[in-house]
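Work through the following exercises with the structure open beside you, and try each task before you read its solution.

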Amino acid sequence: MPDDKVDAIIVGAGLSGAVTANELAKAGLTVICLEQGDWPEYGRSAVHRRDSEVAAEQYWQRDPNVRQDTSDYPIDDSGSDVAALMWNGVGGSSVLYLAKWNRMTPSDFRVRSHDGVADDWPLSYEDLEPHYLEAERQFQISGLAGDPAYPEGDGPPNPPLPIRAFGARMAKALNELGWSWWPGASATFPDPERSTKEGPESIKASTDVTHWPSALNAGAELRTNARVRRVLVENGEATGCEYIDSDGNVQTLHARSVILCANGIGTPRLLLLSATDEYPDGLANSSGLVGKRLMLHPFGAVAGLFDDDLDTAVSPLGQQIQSMHFYETDASRGFVRGAKWGLQPTGGPLAVTRSYPWEVANEVMYCENFHETLKARFNRAPMWTLVAEDLPVDTNRVTLSDTLVDGDGLPGAKIEYVADANSRALLKFHTEKAAESLIAAGAVETVVAPLVRSSGWHLMGTAVMGDDPANSVTDRYGTTHDVKNLHIFDSSTWVTSGGVNPVATQAALALWSSTHFLEEWYAR
Amino acid sequence: MRSTQLSPLTSPISTSDRDLIAEIAQVLIPAGASGPSAAEVDVAGGRLDEFFEQRPDLKTAFVAIASRASGTDVDSFCRHLEASEPAVFQQLTYVIVGAFLLSPDARGWLGFTGLRGEFQTPIANDDYRLHELLAPVRSRPPSYRPTAWTPEESTA
């Protein structure tokens, strides 16, 4: 191995890559992160501009197949109920997420023991709790401790966001129904100084803002427009990566360890691209599970139309209130597991003519109905979004595309994903209950989207962790069973998906894995 | 060098295409309602140009869809397109409504002054209104299942 090797290459500068780079660099390791995209240019579409709704759909497009930036790779989703969404660049999809922050619950890590399906995680809520707390400190989360849906303990460092008029309306309705709710936890900064001093991009906790400045200051190096095409392996050890720079030149970088943080599609894609004679089925794939067990959180949305203005025409970051009332399994419902509800605004006037849940109701939108329909939705339509747990199955998977290639000629990804009967029954129940709550709050109409296709933000499970190398790709800390200095610190390792937005757990997992990585490093 | 997949179209929209777009827009956003019509805010003129300044990538497909209405009854064309090709209809309406909503008159009619940045003054942790609302929730037992929970506990 050459002498110029760095301690760690991190592939991907998104949520996990940023958290990991920050931890390792602060500990004094030499770290180079290779990121196929670039820094976000917030000035290209700022929320206060008159054309922001129009412009946002291009630069901030959530579907890489539509955006087709040079940083993107194509994803054949023709065999999937849900389209995969992501933003490839510094900060990753945290640049585009809606900043909803929810821990998983203890039972989310014990799905097999509690409900007899899927598998238990090889770690517990209690293992992750200190890392949740640290992540909430690092991301400066707003929220309130004490939600009875979780064990007692400390909560986010900042108070919750206002629940707004529509949050109060829904909270009262849920109280009358006897259903639990709680002020939403959100990754939006509560500090007005920060907002005014650093510009609109500083409103939300994306890792280009929260982590990369610190990581770079600690000595991490970030190479943008650097697309990794292969992890190099020699004698059973990862020796580095080959990547293609922005000029199309192939570069080789050597390292003592390689950490993949390229998301639940990018990571299995890279492992499959790294196949060799020694690893003909892809790297770290002796279990045959690389790419399998893809989970995408089938997603439903229910909006209510009210007769009065409820201040819903604001940018939909964070969540006003959340409800876990129907989160835990109740066998009498005919399905297992549950979904978190998050109440949010529905945004500007263009947003309420399209996307979810409006697409299912747009047959009355145009022509003679246009003005009255738009008026009825604008500023009067809070929306529950429902993040449903889906269970891992081998047939939901990521493979390499036979037909699509990225801008560097590398095979794109192909996803196959079918929301199963349990997911569909779960969403039916939850959307009906969410609609019931909106009617109880005074909505004159509800619009229900039971399974939104363009909703695959949460990419999980495609390099599952476990104690047994025969049925897992990594150990509980994200170290691959097959290649001991190759690690996966992103959501590919998730055993099950939980039914909440995954960013909190993924941030905590990256801290958990990084902490163990450093313990092992210093123990050598 | 990597290939750039976007190829913005910069050629102008022809007068005949613009006339057709104006007809389509007026069908989708007609006069006689509580707000301005497409024609009243010049959707097919300046608003469309303004829209495509931001989204040149959509121009070719949009003009191609609109041109399919040539020689047809535009009202029937729109209704048929919506019923038979909803995804294509959405491409059409996205541009027309997007252009419409760039108009100060349309925004004024809605009372829309633009999206606000999301900074919000946080609630104080001791806010009495919030805690009054939360009292019924806090009075209930915890709803989570602890790590060591067993299925027998649900029937106990």
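This is a predicted model: local features need pLDDT of at least 70, side-chain atom pairs count only at pLDDT 80 or more; totals for chains, interfaces and linings use all residues.

**Exercise 1. The contact between the chains**

How many residues does the contact take from chain A, and how many from chain B?

*Solution.* Begin with the count of residues: chain A gives 90 residues to the contact, while chain B gives 65 residues.

The polar side of the interface comes next, and here 19 residue pairs are in polar contact across chain A and chain B, both residues of each pair being at pLDDT 80 or more. On the side of chain A that touches chain B, the elements giving two or more residues include helix H2 (52-59), helix H5 (125-138) and helix H12 (370-377) of chain A. H2(A) gives the most to this side, namely six residues. Sorted by class, the side of chain A that touches chain B has 37 nonpolar, 27 polar and 26 charged residues.

**Exercise 2. Salt bridges**

How many salt bridges does the rule find across the interface of chain A and chain B? Work from the whole structure towards single pairs.

*Solution.* Over all chains, a search of the whole structure gives 32 salt bridges. Across the interface of chain A and chain B, the rule finds three. One salt bridge joins the side chains of Glu368(A) and Arg79(B), at 3.0 Å from N to O.

Another salt bridge is formed by Glu328(A) and Arg145(B), whose closest N and O atoms are 2.8 Å apart. This pair crosses between chains, since Glu328(A) sits in the loop between strand S11 (321-323) and strand S12 (339-344) of chain A, and Arg145(B) sits in the loop between H7 and helix H8 (152-155) of chain B. To see why the pair qualifies, compare its 2.8 Å with the cut-off, which asks for a side-chain nitrogen of Lys or Arg within 4 Å of a carboxyl oxygen of Asp or Glu.

**Exercise 3. A pocket and a cavity**

*Solution.* Two or more residues of the lining come from each of H5 and S4 of chain A and helix H7 (128-138) of chain B. H5(A) gives the most, with three residues. By class, this lining has 15 nonpolar, six polar and eight charged residues.

As for cavities, the structure holds five of 30 Å³ or more. The second largest cavity has a volume of about 50 Å³, and among the residues that line it are Asp147(A), Trp181(A), Trp182(A), His325(A) and Ser143(B). The lining of this cavity divides into five nonpolar, five polar and one charged.

**Exercise 4. Two backbone details**

*Solution.* The cis peptide bond joins Tyr356(A) and Pro357(A), with omega about -10°. Pro357(A) lies in helix H11 (residues 355-358) of chain A. Phi of Ala118(A) is near 50°, which is a positive value in a residue other than glycine.

Methods
Residues are numbered from 1 along each chain as its sequence is written. Chains are lettered from A and ligands numbered from 1 in the order in which they are written. Side-chain values use heavy atoms; hydrogens and water are left out. Contact means heavy atoms within 4.5 Å. A polar contact is a pair of N or O atoms within 3.5 Å; within protein, one must be able to donate a hydrogen and the other to accept it, and residues adjacent in sequence count only if both atoms are side-chain atoms. Helices (H or I, at least four residues) and strands (E, at least two) are DSSP runs, numbered from the N terminus. Ala, Val, Leu, Ile, Met, Phe, Trp, Tyr, Cys and Pro count as nonpolar, Asp, Glu, Lys and Arg as charged, and the others, Gly among them, as polar. On a 1 Å grid over the protein atoms alone, a cavity is a set of points where a 1.4 Å probe fits but cannot get out, and a pocket is an open set with protein on both sides within 12 Å along at least five of seven lines; lining residues have an atom within 4 Å of a point. Grid points are joined across faces, edges and corners, and a volume is the space filled by probe spheres set on the points.
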